[in-house]
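Colleague: Please put the model up, and I will ask about it piece by piece.

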Amino acid sequence: MELKEKLALIEEAIDVDEGTLTPETILADVDEWDSIAALSLIVMLDEHFNKTISGAQIKALETVADIFAYME
């Protein structure tokens with residue numbers, strides 16, 4: 001899966017406009033990054049990548065690039 005496709009999945013999960021995020025985007029700076037977005041991210045990682053991520057792991061995420069690590 002290409003970077004652009006991964007970004008699109010994350011943008012959809014977090015509910016931001018397409019093209020809003022980059023790998024360097026700091027999640028704390030994204031207004032939409034809240035508990036609902038975190039839950040959506042958990043579901044997306046499970047459905048598309050068969051990955052399970054814990055609440056502690058979600059809290060440790062700082063940038064979009066950190067999310068990419070769970071998409072491998």
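Colleague: What span does helix H2 reach from its first C-alpha to its last, and what span is expected?

Modeller: Helices here are DSSP runs of H or I with at least four residues, strands are runs of E with at least two, and both are numbered from the N terminus. H2 covers residues 35-49, which is 15 residues. The expected span is 1.5 Å times one less than the number of residues. H2 reaches 21 Å, close to the expected 21 Å.

Colleague: Before going on, what is the basis of these values?

Modeller: This is a predicted model, in which local features need pLDDT of at least 70, side-chain atom pairs count only at pLDDT 80 or more, and totals for chains, interfaces and linings use all residues. Residues are numbered from 1 along each chain as its sequence is written, and side-chain values use heavy atoms, with hydrogens and water left out.

Colleague: Which residue caps the N-terminal end of H2?

Modeller: A side-chain oxygen lies 3.2 Å from the backbone nitrogen of Ile-36. The residue that supplies this oxygen is Asp-34.

Colleague: How many residues apart in sequence are the parts tied together by the pair Lys-6 and Glu-72?

Modeller: The structure holds one salt bridge, meaning a side-chain nitrogen of Lys or Arg within 4 Å of a carboxyl oxygen of Asp or Glu. The side chains of Lys-6 and Glu-72 meet in it at 3.0 Å, N to O. Lys-6 lies in helix H1 and Glu-72 in the segment after H4, so the parts tied together are 66 residues apart.

Colleague: Is Lys-6 buried or exposed, and at what relative accessible area?

Modeller: Glu-72 counts as exposed at 60% relative accessibility. Lys-6, in contrast, is buried, with a relative accessible area of 10%.

Conventions:
A polar contact is a pair of N or O atoms within 3.5 Å; within protein, one must be able to donate a hydrogen and the other to accept it, and residues adjacent in sequence count only if both atoms are side-chain atoms. Buried means under 20% relative accessible area, exposed over 50%, partly exposed in between (1.4 Å probe, protein chains only).
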